[in-house]
Amino acid sequence: MDTASLAFTALFCALLVLGLVVRTVLSSRQIRHVARHRGAVPAAFSDTISLEAHQKAANYTITKTRYGLLETAIDAALLLGWTLLGGLDWLNQTLLDALGGGMLQQLALLAAFVAIGGLITLPLGWYATFRIEERFGFNKMTLSLWLADLFKGSLVGALIGLPIAALVLWLMGAAGPAWWIWAWGVWMAFNLLALVLYPTLIAPLFNKFEPLADETLKTRVNALMQRCGFAAKGLFVMDGSKRSAHANAYFTGFGAAKRVVFFDTLLKQLSPDEIDAVLAHELGHYQRRHILKRIVLMFALSLAGFALLGWVSNQAWFFSGLGVTPSMDTPNDALALLLFMMTVPLLTYFLSPLMAQLSRKHEFEADAYAVDHTSGPDLASALLKLYKDNASTLTPDPVYARFYYSHPPASERLARLQTA
Ligand SMILES: [Zn+2]
């Protein structure tokens, strides 16, 4: 191998090892911290959370964090298997022998890669649902529903993913050196389209969405939305209980497709005042333009990503440094895409604290909005119920939470509500 390839292999290994070390250290910290505080409910919550609920949350958090470590180890092994150990090179050569070079071979390479990776990690997904979630009483899925989801998800993924992939591959071959700008445009258009089409076309394939039917609740909620200056349409209840006992509410889509979705599990657990407060929090995300900000950030980051892809896909070391021999007489674009998708998370992982920080800032802002338009105590009691029913730990490791948490830890969040 030449020096550039060797240097890139070394960089790849260094990033992989560094990522593994950071993940392991953080997860071990979290496990130890939660275990150390398992014995007693924190003082601030002693009136509202029972010791039993606190310990369930601790056990659930520890189990899930351990599972995360297992997943990390398997992902790393898979990454090495595809790259330096020759998996992707073998798959590519096999398909070249069978299909020759060209669009069909490239699409087959992408599809085979996704299918093989999916099959290898399938038992992990099964374990998470039917062992972990089941043990803590959250799983409501049957094996047949799980299989149906898998089938539908793969079908929808192929129907949407293959044409997009074909378009990007075509641009890579036909649009000249600035192809990556075009490809970025395609990718962004697809994302915007998905924001509109997902809630109306795709999500209903997996869940039932019914307009909020409870008249009293509807009147209250409409009044709140009017107070917040929000076009009062698109209020839906989703049958989340079909799959899981976890409760949630979310805001989705934009423009005419924007809607608020309540899980039926949430409506069951909260009082009408608490529902108002949670809805006001969701409206806060919208009114403070968090969704728009997120889209703009995604646009900028992916432009940088495509520029990087445009550059590395022309470098021989990018292929040979990752254990792949590029073909001399046919396009290597699908290979470049796959190698890029596999390696870029090694870099972006280190952006997670920044993204988490931004997200927590938005959560605080949405909470403040909810306090302005409904009531702080209602939001606080709703959040407590959700923490409890979702078995979220009240005592996360502070460093772990800084790095990963998209929502502020319960203690910080409730303390902020009390001062508001
Ligand atoms: Zn939020």
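Glu363 and Arg413 are both buried, meaning under 20% relative accessible area with a 1.4 Å probe and protein chains only, where exposed is over 50% and partly exposed lies in between. Their side chains meet in a salt bridge at 3.8 Å, N to O; that term asks for a side-chain nitrogen of Lys or Arg within 4 Å of a carboxyl oxygen of Asp or Glu.

A quick word on the model, friends: it is predicted, so local features need pLDDT of at least 70 and side-chain atom pairs pLDDT 80 or more, while totals for chains, interfaces and linings use all residues. Residues are numbered from 1 along each chain as its sequence is written, and side-chain values use heavy atoms, leaving out hydrogens and water.

Now, what are the protein donors of the zinc ion? They are His281 (NE2), His285 (NE2) and Glu363, which gives two OE entries, at 2.1 to 2.7 Å. Donors here are N, O and S atoms within 2.8 Å of the metal (3.2 Å for Na, K and Ca); water is not among the atoms, so sites may look incomplete. Along the chain the spacing reads H-x3-H-x77-E. His285 sits in helix 9 (residues 272-287) and Glu363 in helix 13 (residues 352-373), 78 residues apart.

Back to salt bridges: the structure holds ten. One joins Arg243 and Asp149 at 2.6 Å, N to O. Arg243 is buried at 13% relative accessible area, and Asp149 is buried too, at 14%. Arg220, Asp273 and Asp276 are linked in a network.

Terms used: Helices (H or I, at least four residues) and strands (E, at least two) are DSSP runs, numbered from the N terminus.
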